[in-house]
Amino acid sequence: MISKNKHAKSSNQIIADARRDKEEREKGYREKSLKMYPWVCGRCARTFDHKTVRELTVHHKDHNHDNNPEDGSNWELLCLYCHDNEHSRYEEQMRYGSSSAATKENHSSTGHNPFANLKALLESKK
Ligand SMILES: [Zn+2]
Ligand SMILES: [Zn+2]
């Protein structure tokens with residue numbers, strides 16, 4: 001192979017490089033996760049073999065495709081259908097918001113007492 005690095009890279013070349021890097025990285029985590037996990041969909045438990053494995057996809061649990069820890073903790077193998085489902089559910093959550101996240105903050109400041117209920121329970125038995 002002859003090195004082509006003699007000339008400064010054009011912006012097109014840089015974009016092409018970036019795209020290739022991204023594709024290679026995607027291929028990398030897919031291969032890694034397929035080696036790491038059994039070929040089973042994490043939702044519907046459908047199993048895959050060498051013929052059907054292209055319908056098995058790598059889902060990022062935190063939906064951040066740049067977060068690819070080596071231990072695979074952010075990956076989940078899902079079939080195409082369940083993967084689709086997972087994403088539409090996530091998008092709905094983003095769109096309509098979840099009320100639990102907003103109210104969580106208030107709990108610690110009210111000094112919640114885990115024994116309050118118990119005390120009331122004991123007193124009601126008298
Ligand atoms: Zn599935
Ligand atoms: Zn996904």
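This is a short tour of a predicted model, stop by stop.

**Stop 1: the whole chain**

Start with everything shown as a cartoon. Walk from the N terminus and the elements come in the order α-β-β-α-α-α. The protein has 126 residues, and 9% of them count as buried. Now think about contacts between residues at least 6 apart in sequence: 54% of these join residues at least 24 apart.

Next, colour by confidence. The mean pLDDT of the protein is 84, and 73% of the residues reach 70 or more. Which element has the highest confidence, and which the lowest? Strand β2 is highest, at 98, and helix α3 is lowest, at a mean of 48. Keep those two in mind. The tour visits β2 soon and ends at α3.

**Stop 2: helix α1**

Select residues 11-36. This is helix α1, with 26 residues. Is α1 mostly buried or in the open? One of its 26 residues is buried, so the helix lies largely in the open.

Stay in α1 and pick L34. L34 counts as partly exposed, because it has 16 C-beta neighbours inside 10 Å. Look past its neighbours within four places in sequence, and L34 is in contact with W39 and V53. L34 and L56 are 22 residues apart along the chain, yet their C-alpha atoms are separated by 9.0 Å.

**Stop 3**

Move on to A45, in the loop between α1 and β1. Check its backbone angles. A45 is not a glycine, although its phi is positive, about 65°. A45 counts as exposed because 9 C-beta neighbours lie inside 10 Å.

**Stop 4: the two strands**

Select residues 56-60 for strand β1 and residues 75-79 for strand β2. The two pair in the antiparallel sense, over five bridges. To see the pairing, show L56, which stands opposite C79 in β2. How many of the five residues of β2 are buried? Four are, which leaves this strand mostly covered.

**Stop 5: the core**

Show these side chains together: Y29, C41, L56, V58, W75, L77, L78, C79 and C82. They make up the largest nonpolar core, nine residues in all. β1 and β2 are the elements that give two or more residues to this core. The largest share, four residues, comes from β2.

Now centre the view on L77. Leave aside its neighbours within four places in sequence. L77 is then in contact with S33, Y37, V40, C41, G42, L56 and V58. Among these contacts, C41, L56 and V58 are also core members.

**Stop 6: the loop between the strands**

Go to D62, in the loop between β1 and β2. D62 has 8 other C-beta atoms within 10 Å, so it is exposed. Apart from neighbours within four places in sequence, D62 is in contact with N67 and N74. The C-alpha atoms of D62 and W75 are separated by 8.8 Å, although the two are 13 residues apart along the chain.

Step along to H63, which is found in the loop between β1 and β2. H63 has a positive phi of about 60°, and it is not a glycine. Is H63 exposed or partly exposed? With 13 other C-beta atoms within 10 Å, H63 is partly exposed.

**Stop 7: helix α2**

Select residues 80-96, which form helix α2. Label the distance between its end C-alpha atoms. They are 24 Å apart, and 17 residues at 1.5 Å a residue should span 24 Å, so the two values agree. Then look at G97, which follows α2. The phi of G97 is positive, near 75°.

**Stop 8: a region to treat with care**

Finish at residues 99-109, helix α3. This helix has the lowest confidence in the protein, at a mean of 48. Over residues 101-110 the pLDDT is below 50. Beyond near neighbours in sequence, that stretch has one contact in the model. Where pLDDT is low, predicted coordinates should not be read in detail.

Key: Residues numbered from 1 in each chain as written. Chains lettered and ligands numbered in written order. Predicted model: local features only at pLDDT ≥ 70, side-chain atom pairs only at ≥ 80, totals over all residues. Expected span 1.5 Å × (residues − 1). Buried ≥ 20, exposed ≤ 12 C-beta atoms within 10 Å, placed from the backbone. Contact = placed C-beta atoms within 7 Å. Pairing = 2+ DSSP bridges. Core = buried A, V, L, I, M, F, W, Y, C linked by C-beta atoms within 7 Å. pLDDT = per-residue confidence, 0-100.
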